[in-house]
Amino acid sequence: MILVTCKYLAGNQIMAIYLEKYPRRRLLGEHESLLGFVHRLKDLNEFSWADVMGDLGGQPLKGILSVQQVRELSRLSKRPFDRLAHAQHGLAIGDPKLYGQEISVRTLVIGQSRVCVHCMAGSGVHLRIWDLKPLELCPI
């Protein structure tokens, strides 16, 4: 939270006003990727990538957020850490998984955004399934 330093008197009381750093939030989609969620959060709050990187510890976003970056994102977005970690195939906290099944990290496209234009136009959400290298056509 950001404490706004301006205070005002209400009767005889001094009141402090607190503002959230990321006041506009959306739910993480059921099959949404973590980087897709970060994109939407950034755009919704009208921040630059430099702002977001600074808020997540100052390290560049390299396709996989670290445990610390996911924790900070959880704090800022008010979303559960485990849910956010799951949205990036669990890569920050252990072996990669896709829909509960353990997979090889070699089967994932990391650091790039593969998309289905038709699905993106309909939902505006980047889906985790598109991270699979063997996938040539969107199954949806």
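This report covers the pockets, cavities, nonpolar cores and salt bridges of one predicted model.

## Basis

The model is predicted, so local features need pLDDT of at least 70 and side-chain atom pairs count only at pLDDT 80 or more, while totals for chains, interfaces and linings use all residues. Residues are numbered from 1 along each chain as its sequence is written, and side-chain values use heavy atoms, with hydrogens and water left out.

## The largest pocket

The largest pocket has a volume of about 320 Å³. A pocket is found on a 1 Å grid over the protein atoms alone, as an open set of points with protein on both sides within 12 Å along at least five of seven lines. Grid points are joined across faces, edges and corners, and the volume is the space filled by probe spheres set on the points.

The lining of this pocket consists of 25 residues, and S33, L35, G36, S113 and H126 lie nearest its centre. Lining residues have an atom within 4 Å of a point. Helix 1, residues 34–44, gives the most to the lining, with six residues; helices are DSSP runs (H or I, at least four residues) numbered from the N terminus. By class, the lining has 10 nonpolar, 11 polar and four charged residues. Here Ala, Val, Leu, Ile, Met, Phe, Trp, Tyr, Cys and Pro count as nonpolar, Asp, Glu, Lys and Arg as charged, and the others, Gly among them, as polar.

## Cavities

There are three cavities of 30 Å³ or more in the structure. A cavity is a set of grid points where a 1.4 Å probe fits but cannot get out.

The second largest cavity holds about 40 Å³ of space. Around it lie Y22, V38, L41, V52, L56, L73 and L76, which divide into seven nonpolar, no polar and no charged residues. Helix 1 and helix 3 each supply at least two residues of this lining.

## Nonpolar cores

The largest nonpolar core has 18 residues, of which L34, V70, L73 and L84 touch the most other members. Helix 1, helix 3 and helix 4 (81–86) each supply at least two residues of this core, and helix 1 gives the most, with four. Such a core is a set of buried Ala, Val, Leu, Ile, Met, Phe, Trp, Tyr and Cys residues joined through side-chain atoms within 4.5 Å. Buried means under 20% relative accessible area, exposed over 50%, and partly exposed in between (1.4 Å probe, protein chains only).

Leaving aside neighbours within four places in sequence, L34 is in contact with L65, V70, L73, L84, A87 and Q88, where contact means heavy atoms within 4.5 Å.

## Salt bridges

The model has three salt bridges, each a side-chain nitrogen of Lys or Arg within 4 Å of a carboxyl oxygen of Asp or Glu. R40 pairs with E32, with the closest N and O atoms 2.8 Å apart; E32 is buried, at 0% relative accessibility.

K42 forms a salt bridge with D43 at 2.7 Å between the closest N and O atoms. K42 is buried at 11% relative accessible area, whereas D43 is partly exposed at 47%. In the pair of R75 and E72, the closest N and O atoms are 2.4 Å apart. These two residues are three apart in helix 3 (residues 67–77), so about one helical turn separates them. R75 is partly exposed at 43%, and E72 is buried at 18%.
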